[in-house]
Amino acid sequence: MVLEKIQKANDIKKLKPEELEVLAQEIRDFLIEKISVTGGHLASNLGVVELTMAMHLIFDLPEDKIIWDVGHQAYTHKLLTGRKAGFDDLRKYGGMSGFPKRKESDCDAFDTGHSSTSISAGLGYVEAREILGQDHKVISVIGDGAMTGGMAYEALNNAAGLKSNFIIVLNDNNMSISENVGGMSKYLDGLRTASAYTGLKKGVEAALGKLPYIGARVTGHIRKAKSGIKQLFVPGMFFEDMGITYLGPVDGHDLKALCRAFREAEKLQNAVLVHVITTKGKGYLPAEKYPSQFHGTGPFDIETGQAKEKAGEDSYTDVFSKVIYREAKKEPKLVAITAAMAGGTGLVPFSKTYRDRFFDVGIAEEHAVTFAAGLAAAGLKPVVAIYSSFLQRAYDQLIHDVCLQNLPVVFAIDRAGLVGSDGETHQGVFDLSFLSTIPNMTVMAPKNKWELADMLRFAIQYPGPVAVRYPRGTAYTGLEEFRAPIEYGKSEVIQTGEGIVLLSVGHMMETALQVSDSLRERGIQSTLVNSRFVKPVDEKLLEELSKLHTLYVTIEENVLAGGYGAQVLAYVEKKRLPVQVESFGIPDEYVEHGNIEVLRKEVMLDADTITERILSVYQKRQQE
Ligand SMILES: Cc1ncc(C[n+]2csc(CCOP(=O)(O)OP(=O)(O)O)c2C)c(N)n1
Ligand SMILES: CC(=O)[C@@H](O)[C@H](O)COP(=O)(O)O
Ligand SMILES: [Mg+2]
């Protein structure tokens, strides 16, 4: 096997030319086989096999720096830098990350996971190289989807004046996770069409030129006409006019053409964009046919492409999807916004039925939030469906554009809490903290599937900014009988006891119930509260409970700093309530990839660890 010859970076350069084609095929076979077992980002990776090989042939790693945008497409890069064995444990706890990680390899120049950062980071490397008197190459690889993100333009604007080499590879497969959107996507379409036109034209001219007598005259006319058409299709004018050299389009599956383009690009003393056309899912028919489905996939059957894990009960996303769809029927002013995550957030059914009220703004979370503020200011009821970690991008927009004006925007925050295999960059564990600090913001978290539906309906009617946060995965169906109407700022008491109060936030109710059962087995009947609101905290209830309890235990899947527990503690201290507060949440560190249950144990947010710690604190307190 040719792939066996690749043990470390630059080994690819030792291969014979005829081995390279074999290598590309072996890489594809390897990725399909491994990802069919572990799951992962298949389609994007299949599309960049030749592109990655070409970069590894032309550039020297780790001296030269390749920065992958989002980083979900760096699997071939991992293979070519000696990490083949890591694919058995891809995205598992303690195993290889699905994204570039500097701590994993010196060939990973920059950690990524969130979109549209690669040009900024690359430019940082370029300027540092000049200041430090180094002479390596810097290559940022950005997808057409990632090119919808504002940061990419801020960086291009900045890179335009460069007087030294900086290579930006635009990997254009005409797809984001779902279909790409917007003006840049259309513009890139134009560039592709222009090149098709040029190719076609050459063929026609050659054929006409061979005609006896009239051939030369006809081709002359066509050439004149072409100059008119050229006004419409001058390749790369957007970039060229900015001062960034445009090279392309290049066939991203033609290794020789790619190598030629990179050799040209590295000669220039300015920023140069190499426009590479690839096919998402290349070489695996199901992925080519359904690139969105195979963008991020679970284990699947290679023969059929069918998922191995059967669709089970409703996820929280499914619940959101159904509620928003139904509410839109009743409320004509309801509009929905996604930042390139229609599938992941459950907005596809809405988008099909309520086309005029659906907006996919591209990977542009900052814009999505201010756009929603504008819609709300004009009298509509916007619902922004967004992943917790991606909302981090739009913090000033939340404060300055939504909350300062107290505008009625609903934030449906999906993937809140630990998300699992995507790891550090995607864990949604900051939202409770960053949202709770903003005046006018209301923050809710449902304990189960029915409460999510009730909270969403409550939020849609609410006249100010409101966030409902819920996790990835199957919605909890326990505690169906606890369905008292949502009252603003009021928590819900699930069971009463004395001594200890368990104050649970949202989906941590399942864990809190297990803790409560374990305490009961040890003779302690605790009170169990579903917080429902993280902002405002139910202060009245906290006061009341202090009469019969001495220990408040808060449980949340959010960082401890600034979260629900911190707010409960602040109130207890402010009012000098005679209770001790023990808070359970994510410690002050980044949580890596892996199975969610395993991760909970690692961060000591599992029922056993919580119970043991409560018992030790409580017994100590009783002895005092
Ligand atoms: C800030 C942010 N928002 C959303 C995402 C989710 N996301 C990951 S990849 C992707 C599409 C990227 O498309 P493109 O850059 O064209 O890469 P391709 O998968 O097509 O190769 C999206 C929306 C993200 N990673 N970061
Ligand atoms: C790379 C990226 O950001 C997305 O593809 C993300 O992995 C999607 O996560 P979900 O699988 O939770 O939708
Ligand atoms: Mg793309």
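Colleague: Which residues does Ala146 touch, not counting residues up to four places away in sequence?
Modeller: Ala146 touches Asp69, Val70, Ser115, Ser116, Ala152 and Ile363. Two residues are in contact here if their C-beta atoms, placed from the backbone, lie within 7 Å. This is a predicted model, in which local features need pLDDT of at least 70 and side-chain atom pairs count only at pLDDT 80 or more, whereas totals for chains, interfaces and linings use all residues. Residues are numbered from 1 along each chain as its sequence is written, while chains are lettered from A and ligands numbered from 1 in the order in which they are written.

Colleague: Is Ala146 buried or exposed?
Modeller: Ala146 counts as buried, because it has 27 C-beta neighbours inside 10 Å. A residue is buried if 20 or more other C-beta atoms lie within 10 Å of its own, exposed if 12 or fewer, and partly exposed in between.

Colleague: And where is Ala146 found?
Modeller: Ala146 is in the loop between S2 and H6. Such elements are DSSP runs numbered from the N terminus: helices are H or I of at least four residues, and strands are E of at least two.

Colleague: Which residues does the UniProt "binding site" annotation with Ala146 cover?
Modeller: In that unreviewed entry, the annotation covers His72, Gly113, His114, Ser115, Gly145, Ala146, Asn173, Tyr284 and Glu365. They span 294 residues in sequence and the farthest two C-alpha atoms are 31.8 Å apart, so they do not all gather at one spot. UniProt positions are given in the numbering used here, with shortened feature names, and annotations may be inferred rather than shown by experiment.

Colleague: UniProt also lists a "binding site" with Asp144; which residue is listed with it?
Modeller: Asn173 is listed with Asp144, again from an unreviewed entry. The two are spread over 30 residues of sequence, yet they cluster in space, with a largest C-alpha distance of 6.9 Å.

Colleague: Where does Asp144 lie, and what does it touch?
Modeller: Asp144 lies in the loop between strand S2 (138-143) and helix H6 (150-159). Asp144 is buried, with 22 other C-beta atoms within 10 Å. Not counting residues up to four places away in sequence, Asp144 touches Leu170, Asp172, Asn173, Asn174, Asn180, Ser185 and Leu188.

Colleague: What about Asn173: buried or exposed?
Modeller: Asn173 counts as buried, with 23 C-beta neighbours inside 10 Å. Asn173 is found in the loop between strand S3 (166-172) and helix H7 (183-209). Leaving aside its neighbours within four places in sequence, Asn173 is in contact with Gly47, Asp144, Thr278, Thr279 and Lys280.

Colleague: Changing topic, at what angle do H12 and H19 pack?
Modeller: Helix H12 (residues 316-330) and helix H19 (residues 449-461) pack at an angle of about 40°, with their axes 10 Å apart. That makes H12 oblique to H19. Axes are lines fitted to C-alpha atoms, for helices over the stretch in contact, and angles run from 0 to 180 degrees between N-to-C directions. Angles under 35 degrees count as roughly parallel, over 145 as roughly antiparallel, 65 to 115 as roughly perpendicular and the rest as oblique.

Colleague: Which residues in H12 meet H19?
Modeller: Tyr316, Val319, Phe320, Val323, Ile324 and Glu327 in H12 meet Lys449, Leu452, Ala453, Leu456, Arg457 and Ile460 in H19.
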